[in-house]
Amino acid sequence: MKKHPIGLFDSGVGGTSIWKAINTLLPNENTIYLADSKHAPYGPKGEAKIIELSIKNTEFLLSEGCKLIVVACNTATTNAIKVLRERFNVPFIGIEPAIKPAALQTKTKAIGVLATKGTLSSHLFHRTTDLYSNGITIIERVGEGIVPLVESGNIESKIMQDLLKRYMEPMLKANIDYLVLGCTHYPYLIPQLTKILPQHIKIIDSGEAVAKQTKAILETNQLLSLSKTNASHQFYTNANNVSVMADLLAGDFNVSYLDF
């Protein structure tokens with residue numbers, strides 16, 4: 001099992017930001033990544049549909065022999081990971097907005113959270129914010145329209161710039177000093193955001209923490225690869241965005257269309 005791949009899925013190409021963090025920390029691990037771009041974004045969908053899609057994605061990755069599943073999607077994690085863990089006998093790693101470090105480190109007592117509707121409305125998100133928001137003002141904004149722009153490769157478009165400026169405006173008025181990115185598509189917007197935000201505002205995403213947790217769970221379950229050979233990586237998408245994913249990966253990786 002140690003040689004079996006780590007499986008990752010997201011509602012689209014955004015979870016490749018998580019894949020990069022895992023691959024950096026665990027370069028000897030084989031991986032299979034599934035982008036369910038045909039159904040992106042997950043945010044506006046109801047809990048039942050998100051669970052249904054997450055089960056389908058997991059079943060595909062398990063059929064490919066994956067030893068651990070990373071739910072590289074905040075919305076799928078907050079809505080479906082409990083069901084996935086109950087249904088499948090394999091370790092799961094989820095993605096949550098990094099509210100805790102932002103809340104513990106803020107000096108202005110105000111933090112911003114940019115996330116999807118599905119994440120911000122979930123029970124898991126509200127439970128996390130309740131734990132760490134005492135005395136902290138949290139400015140939440142649904143990043144409506146962002147995921148489709150990332151999926152279509154329009155990260156640096158004027159439409160994207162205008163959306164980000166609109167979503168950041170109330171956060172700046174509230175004097176935030178931390179911005180939490182609550183969607184795995186959003187780390188690809190950091191270059192844009194740094195042009196909009198003052199230098200003192202720190203941007204937090206979950207990639208590094210997820211990579212460390214993945215390593216820890218692999219070690220605990222004695223699944224960490226001991227291979228010294230080059231790892232293999234396979235990327236699948238079920239929409240017409242193979243070139244977009246390849247551009248985001250920025251490497252010599254095989255991205256395939258999957259009728260899924």
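**His233 and its surroundings**

Let's start with a histidine: the His233 side chain makes a polar contact with the side chain of Thr31, at 2.6 Å. By polar contact I mean a pair of N or O atoms within 3.5 Å, where, within protein, one must be able to donate a hydrogen and the other to accept it, and residues adjacent in sequence count only if both atoms are side-chain atoms. A quick word on where this comes from: it's a predicted model, so local features need pLDDT of at least 70 and side-chain atom pairs count only at pLDDT 80 or more, while totals for chains, interfaces and linings use all residues. Residues are numbered from 1 along each chain as its sequence is written, and side-chain values use heavy atoms, with hydrogens and water left out.

Back to the histidine. The side chain of His233 also makes a polar contact with the side chain of Asn23, this one at 3.4 Å. His233 sits in strand E9, residues 233-237. Helices (H or I, at least four residues) and strands (E, at least two) are DSSP runs here, numbered from the N terminus.

So, is His233 buried or exposed? His233 has a relative accessible area of 17%, so we call it buried. The cut-offs are under 20% relative accessible area for buried, over 50% for exposed, and partly exposed in between, using a 1.4 Å probe and protein chains only. If you skip its neighbours within four places in sequence, His233 is in contact with Trp19, Asn23, Glu29, Thr31 and Phe253, where contact means heavy atoms within 4.5 Å.

Trp19 and Asn23 bring us to helix H1, as both are among its buried residues. H1 covers residues 16-25, and it's largely enclosed by the rest of the structure because seven of its 10 residues are buried. Those are Thr16, Ser17, Ile18, Trp19, Ala21, Ile22 and Asn23. What do they pack against? Strand E1 (6-10), strand E2 (31-35), strand E3 (68-71), H10, E9 and helix H11 (242-249).

**The cores**

Keep an eye on Ile22. Not counting residues up to four places away in sequence, Ile22 touches Ile6, Leu8, Val70, Val210, Ala211 and Thr214. Ile22 is also one of the residues that touch the most other members in the largest nonpolar core, a set of 49 residues; the others are Val70, Leu114, Ile146, Leu179 and Leu189. A nonpolar core, for us, is a set of buried Ala, Val, Leu, Ile, Met, Phe, Trp, Tyr and Cys residues joined through side-chain atoms within 4.5 Å. Helix H8, residues 158-173, gives this core its largest share, six residues. Apart from it there's another core of 24 residues, including Tyr42, Ile50, Cys73 and Phe92.

**The pocket**

How much space lies in the largest pocket? About 680 Å³. Grid points are joined across faces, edges and corners, and the volume is the space filled by probe spheres set on the points.

H3 gives the largest share of the lining, eight residues. By type, the lining divides into 14 nonpolar, 10 polar and six charged; Ala, Val, Leu, Ile, Met, Phe, Trp, Tyr, Cys and Pro count as nonpolar, Asp, Glu, Lys and Arg as charged, and the others, Gly among them, as polar.

The peptide bond from Ala40 to Pro41 is cis, with omega near -5°, and Pro41 is in the loop between E2 and H2. Lys109 isn't a glycine, yet its phi is positive, near 60°; find it in the loop between H4 and strand E5 (110-115). Asn175 also has a positive phi without being a glycine, about 65°, and it sits in the loop between H8 and strand E7 (178-182). Asn175 counts as partly exposed, at 42% relative accessibility.

Definitions and conventions:
1 Å grid on protein atoms, 1.4 Å probe; cavity = no way out; pocket = protein on both sides within 12 Å on 5 of 7 lines; lining within 4 Å.
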